[in-house]
Amino acid sequence: MLFVAVTTTFVGCAANLTKYYKSLRVKMDSGDYSDAAEFVEKSKNKYGSKNILMYYLDSGIVTHFANDYLTSSKRFEQAKAKFEEYYQKSISAGVASMFYNDSAMPYYGEDFERAHVSIFEALGYILLGRDDDAVVEARQIDTRFKSFAIEANRKNFYKDDGFIRYFMGLVYENSGCLNDAHISYYTALKAYKNDIAEVPVPKELVDDAYTSALALGMSDRASEIKKNYPQAHQREIPNDYGECIVVDYNGFVPEKIDNVLEFALSNMWAYVEAAQVDSQEQEDFNKAKSIGLSVFANDYVKVAFPKYKDFKNKIVAFKVQFDRQEVKGLVVQNVGKIAKACLDDNIKKIYAKTLARAAVKYIIGKSVSERISNNAGESWGEFSQISFNMFNSLSEKSDRRAWNTLPDKILMARFCLPAGMHTLKINFLGKDGEVLDSCSAEVDVRAGKKNFVAVRSSKIDILE
């Protein structure tokens, strides 16, 4: 739907959040975002202290969809503070997860999640008429991307983002910061070419980079852009016109589920070695291997890794109708693909850590059961081993936490309108071009400015 402008303890928490997110997606898909925001607020205790970042992110985005941009900004600022706090802790974290699972640690969030906070917060500021605050947000994300590129203590897979650079260029230009806008546009061109989202460079971005270079008297830069993109042309907005930009948050980002594997302990060493892991987790893995191979080589273990499952969204595109004209929105960001790419890049470390943990838990169980057998008899030893196996089976869950309320894709349509109030009709389309839903949006176009309209589209089968 749409919007305009102990073992039981751990297992229980995971199950509650799974059911909780299913209920939340139903509410969001119904289009009643105020109800969804209230549901998130009333459910704050369900998240628990280790998942408080997820609460801030969910509350921030759902209140954004509900047009409550002040509350949204407050929650996103709290999320940013948590990201910063957790980043410092994440460098040395991990001991607890070696004995239980990764959910025993706080959810630190992903770099791409941290970056996307700025999109929602900046757009919220613009829709509140606080363009200067949106520029502050743009400068913050510029700094964040620089830190992603220079941090020496970890290898960042997600270093830049074409769409976020593109969007912040629009934010800068809207506030008259043309030099900053051009830098963002030009950086966005490069980022899109190397983007893990694999989205084609938007034609409007090419024109923005070319036009801003000409306006700044950067003839060499303009020539370079024209050479690389022959289709580039200078954008001109007529006098007493403004540009309208419709942003559509489409669908739900894929959800993480368990990928459970069971195999002989002796086989799992080769499984991880093939991954060629180079990390602190490799050291943990090697320690476990040295013990496991010498003692329990023929026994079986259960491990769980996270993987993503897509939601099938029936709405795949949209068109905007106005003044007997029609403009189709294009995909400018694929959040779901970024999430999957980041997990794929990180999965080798997860393999090593998960398998090392399985070996450690198995070894502990064997050691305890042998001691019990020696002291209390073989039957009690067998019982203790069964109990340990049950504990390990129940506790072995992959870390499925994520910012689950993010859209799967972001689409955008851009066009010019005369200054004044306009009514837009937005049709949301299926794969064959059929209209599956629609809404109307009022926009008061300011001449010479960029005027944003935000909508959300989704039609998924929650039960799939």
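Which residues of helix 11 are buried? They are Leu205, Val206, Asp207, Asp208, Ala209, Tyr210, Thr211, Ser212 and Ala213, where buried means under 20% relative accessible area, exposed over 50% and partly exposed in between, with a 1.4 Å probe and protein chains only. This is a predicted model, in which local features need pLDDT of at least 70 and side-chain atom pairs count only at pLDDT 80 or more, while totals for chains, interfaces and linings use all residues. Residues are numbered from 1 along each chain as its sequence is written, and side-chain values use heavy atoms, with hydrogens and water left out. Helices (H or I, at least four residues) and strands (E, at least two) are DSSP runs, numbered from the N terminus.

**Helix 11**

- Helix 11 covers residues 203-215.
- The 13 residues of helix 11 reach 18 Å from the first C-alpha to the last, close to the 18 Å expected at 1.5 Å a residue; the expected span is 1.5 Å times one less than the number of residues.
- The cover over the buried residues of helix 11 includes helix 9 (162-174), helix 10, helix 12 and strand 7 (409-418).
- Glycine 217 follows helix 11 and has a positive phi, near 75°.

**Helix 10 against helix 11**

- The axes of helix 10 and helix 11 are 9 Å apart, and the two helices pack at an angle of about 140°; axes are lines fitted to C-alpha atoms, for helices over the stretch in contact, and angles run from 0 to 180 degrees between N-to-C directions.
- That angle makes helix 10 oblique to helix 11, given that angles under 35 degrees count as roughly parallel, over 145 as roughly antiparallel, 65 to 115 as roughly perpendicular and the rest as oblique.
- Helix 10 and helix 11 have a left-handed crossing, a term used if the near helix is turned anticlockwise from the far one by less than a right angle, with right-handed used if clockwise.
- From helix 10, Leu178, His182, Tyr185, Tyr186, Ala188, Leu189 and Tyr192 meet Leu205, Val206, Asp208, Ala209, Ser212, Ala213 and Ala215 of helix 11; contact means heavy atoms within 4.5 Å.
- The residues in this contact of helix 10 with helix 11 are eleven nonpolar, two polar and one charged, where Ala, Val, Leu, Ile, Met, Phe, Trp, Tyr, Cys and Pro count as nonpolar, Asp, Glu, Lys and Arg as charged, and the others, Gly among them, as polar.

**Helix 10 against helix 12**

- Helix 10 (residues 178-193) and helix 12 (residues 219-228) have axes that come within 13 Å and cross at roughly 30°.
- Helix 10 and helix 12 are therefore roughly parallel to each other, and their crossing is left-handed.
- His182, Tyr186 and Leu189 of helix 10 make this contact with Arg221, Glu224 and Ile225 of helix 12.
- Three nonpolar, one polar and two charged residues make up the contact of helix 10 with helix 12.

- Helix 7 (residues 111-127) has 17 residues and should span 24 Å at 1.5 Å a residue; its end C-alpha atoms are 26 Å apart, which agrees.
- Glycine 124 lies in helix 7 and counts as buried at 5% relative accessibility.
- Leaving out residues up to four places away in sequence, glycine 124 touches His64 and Tyr69.
- Between glycine 124 and alanine 134 there are 8.1 Å in space, C-alpha to C-alpha, and they are ten residues apart in sequence.
- Serine 73 has its place in helix 5 (residues 69-90) and is buried, at 13% relative accessibility.
- Serine 73 is in contact with Glu121 and Tyr125, leaving aside its neighbours within four places in sequence.
- Glycine 129 comes after helix 7, with a positive phi near 80°.

**Loop residues**

- Tyrosine 108, in the loop between helix 6 (95-99) and helix 7, counts as buried at 19% relative accessibility.
- Tyrosine 108 and methionine 54 are 54 residues apart in sequence, yet 9.1 Å apart in space, C-alpha to C-alpha.
- Glutamate 198 sits in the loop between helix 10 and helix 11 and is exposed, with a relative accessible area of 58%.
- Although glutamate 198 is not a glycine, its phi is positive, about 55°.
- Aspartate 323, in the loop between strand 4 (317-322) and strand 5 (325-328), also has a positive phi, near 45°, in a residue other than glycine.
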